[in-house]
Amino acid sequence: MKNYTVIYEPDSMGRPAWASTPELRRYYDEEWSVPTRDDRTIFARLCLLCFQAGLTWQCVLEKRPTITAKFRHFDPLQMLTLTLGQIMGAGMINNPRKIAWVLQNAHAYTRLAPGELGNMLWEHAPDAPPRRHLEGAYAVPAYTAASAALAQDLREKGFRGVGPTNAYALMQWCGVVDDNPPGSWRALVADKNTISEGGLLLAN
């Protein structure tokens, strides 16, 4: 379980404690938990998550511009002809195994029908909005049965470098699950919108 304690920055915006650097705050404010069904966006995020094993997410974000450029902005068709030698170099996460996973994932992506990757991801969305506990630490699982099922679905389609943990990270990043802790600005916005639609969100 991960503790998503909220901290407040000088701008008075509450964020999870893990959003502790300018890069991570920007990632949280602009991308994390924002729903998307776009295949190319999901594919690019899945590829980036392949690089996280054994590294901090801060490290991946710092190298993201280089990774993105090396993989032709995650254009799957352009990625099909790339070689390891073209990708490894300065500013890159030079892990041959991880690079091979990403290149394999480009091949897997090109075999999917339009919209199939987004549908595959969102098939594992929970049926109801989260019930945010107001007391005690706000613990979030590293993976769930749904993320394990998603990882299995992706592997069956030929994707590599994906397991229950980074599949759950993908679900969080793409807004399939909402793990924003109580007091964070995203939780306040999401809860306000859901309550206005008649949802029940808060639990003691």
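A residue is taken as buried when its relative accessible area is under 20%, and in this predicted model S184, with a relative accessible area of 0%, is therefore buried. S184 lies in the loop that runs between α9 (164-173) and α10 (185-196), and its side chain is joined to that of Y28 by a polar contact of 3.3 Å. Apart from neighbours within four places in sequence, the residues in contact with S184 are V6, G14, R15 and Y28.

R15 also takes part in a salt bridge with D29, in which the closest N and O atoms are 2.8 Å apart; the pair links distant parts of the chain, with D29 in helix α1 (residues 22-30) and R15 in strand β3 (residues 14-16), 14 residues apart. R15 is buried at a relative accessible area of 3%, whereas D29, at 21%, is partly exposed.

E31, R45 and R64 are linked in a network of salt bridges. The side chains of E31 and R45 meet at 3.9 Å, N to O, and because E31 lies in the loop between α1 and α2 (39-50) while R45 belongs to helix α2, this pair ties together parts that are 14 residues apart in sequence. The salt bridge of E31 with R64 has its closest N and O atoms 2.8 Å apart, and, R64 being in helix α3 (residues 57-70), it connects parts 33 residues apart in sequence. E31 and R45 are both buried, while R64 is partly exposed, with a relative accessible area of 23%.

Note on methods:
Residues are numbered from 1 along each chain as its sequence is written. This is a predicted model: local features need pLDDT of at least 70, side-chain atom pairs count only at pLDDT 80 or more; totals for chains, interfaces and linings use all residues. Side-chain values use heavy atoms; hydrogens and water are left out. Helices (H or I, at least four residues) and strands (E, at least two) are DSSP runs, numbered from the N terminus. Buried means under 20% relative accessible area, exposed over 50%, partly exposed in between (1.4 Å probe, protein chains only). A polar contact is a pair of N or O atoms within 3.5 Å; within protein, one must be able to donate a hydrogen and the other to accept it, and residues adjacent in sequence count only if both atoms are side-chain atoms. Contact means heavy atoms within 4.5 Å. A salt bridge is a side-chain nitrogen of Lys or Arg within 4 Å of a carboxyl oxygen of Asp or Glu.
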